[in-house]
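Let's read a protein model together, one feature at a time. Have a look at the sequence and structure first.

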Amino acid sequence: MSLDCRAYWMWLQHALGAGSSKQNRILENYRSLADFYSSGMQGWLLEGYFTPKELEKLGSYSPSDATALLEYCEKIGQQVITPECQAYPEPLRQIHNPPCVLYMKGTLPDFSSTLGISIVGTRKATATGVSVARSFAFELAKQGVAVVSGGALGIDTAAHKGALQAGGKTVCVLGCGIDFNYLMGNASLREAIANSGAVISEYAPGTQAINSNFPIRNRIISGLTLGTLVVEAAGKSGSLITADYALEQGRDVFAVPAGIYSPVSQGVNNLIKNGAKPVSNANEILEEYIACFFDKISLDDIGTNVLFHDEPLSQVSVSGSAAESLDPNEFSSDAAVLYAKLTDSPRHITELAGQTAISVPRLLTAVTELELAEKISSHSGRRYSLPR
């Protein structure tokens, strides 16, 4: 009887530990982990990159042993997801060291079609920081964004609560076994998260919450999402590790500016100095992803909700009409075509490109031309309308 393929990944995770990338090298030389296991100690030694401790664990623990753990997980209601499972999050496949195993309660959002944003920050959050994190999470979740955080006190807790309050999806990534009695004051919160989203960990049931687990865990928080928002962080903070991982993974980093005399300001302000985008509201995050999610995201524009539609502009109700033409002696043909498509309702540059059959780079040149003549109004997120 063949073993469940997940057992091989659990066996490998047990040997390599959390955060390893050696599974990538293994799969470059073997068709499957079952083939790698069958090669035995001689084959593992020939690979030349395993430590003595890893080799000892490869030999002392087997996929059959992992099968017993798999059965135990099912008994206690924990799902087991490995890279060969369809439910494995697509964004994690793209990072350098994806987890071999995820233990889970709940249901993960489909991150291949859902915008995910991580919100992290200090456990010793100020009242203002808690309010800010909760507000950001609430507004993001209202727009269908999956909010990811680490389940800790302070900013993490505020982020999860904000998403839940909005009726949205949130994911908690733990640095211990899901069943370990970590922060029991948050036990009810984790239960609520599992009911509307997911609680996940790469650590097997019973694994304790030791300090060294959490920095390794942070790569999953950033890896699940397209962007990471840092709300309050001291000069040395675990949330800055998450931000560093996000940068390494090619993801965006946002930061909420803080007063220079605040004990939790140095980390976020340094992030901004080093290139993180400073943000003061959720729209300033959402505008970065309109091009990919314009059919799902609405932005507030001076108190007016603006929805980016799939349908042609001619089918969208607007409050004003565009001028028929511009003087061809004063404006380029691109500017004239663009101007004819403008309305009182702001439209994203990619939507205008589809309507005008003009490339985005050319349209941006036309935008500049019209801006200089005060014929166009610019809005956040590369959106444009007739002057107001």
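**Reading rings and strands**

A: Both Phe254 and Tyr289 are buried, where buried means under 20% relative accessible area with a 1.4 Å probe, protein chains only. This is a predicted model: local features need pLDDT of at least 70, side-chain atom pairs count only at pLDDT 80 or more, and totals for chains, interfaces and linings use all residues. Residues are numbered from 1 along each chain as its sequence is written, and side-chain values use heavy atoms, leaving out hydrogens and water.

Q: How are the rings of Phe254 and Tyr289 arranged as an aromatic pair?

A: Rings of Phe, Tyr and Trp (its six-membered ring) pair if their centres lie within 6.5 Å; planes under 30 degrees apart count as stacked, over 60 as edge-to-face and the rest as tilted. Phe254 and Tyr289 are edge-to-face, with 6.4 Å centre to centre and 70° between the planes. Phe254 lies in strand β8 and Tyr289 in the loop between α14 (283-286) and α15 (290-293), so the pair ties together parts 35 residues apart in sequence. Helices (H or I, at least four residues) and strands (E, at least two) are DSSP runs, numbered from the N terminus.

Q: In which sense do β8 and β9 pair?

A: Strands of a sheet pair through backbone hydrogen bonds, either parallel or antiparallel. Two strands pair if DSSP finds at least two bridges between them. Here β8 (residues 252-255) and β9 pair in the parallel sense over two bridges, and Phe254 stands opposite Lys277 in β9.

Q: What is the strand order of the open sheet?

A: The order is β1-β2-β6-β5-β4-β3-β7-β8-β9, with mixed pairing. The edge strands, β1 (79-81) and β9 (277-278), each pair on one side only.

Technical notes. Buried means under 20% relative accessible area, exposed over 50%, partly exposed in between (1.4 Å probe, protein chains only).
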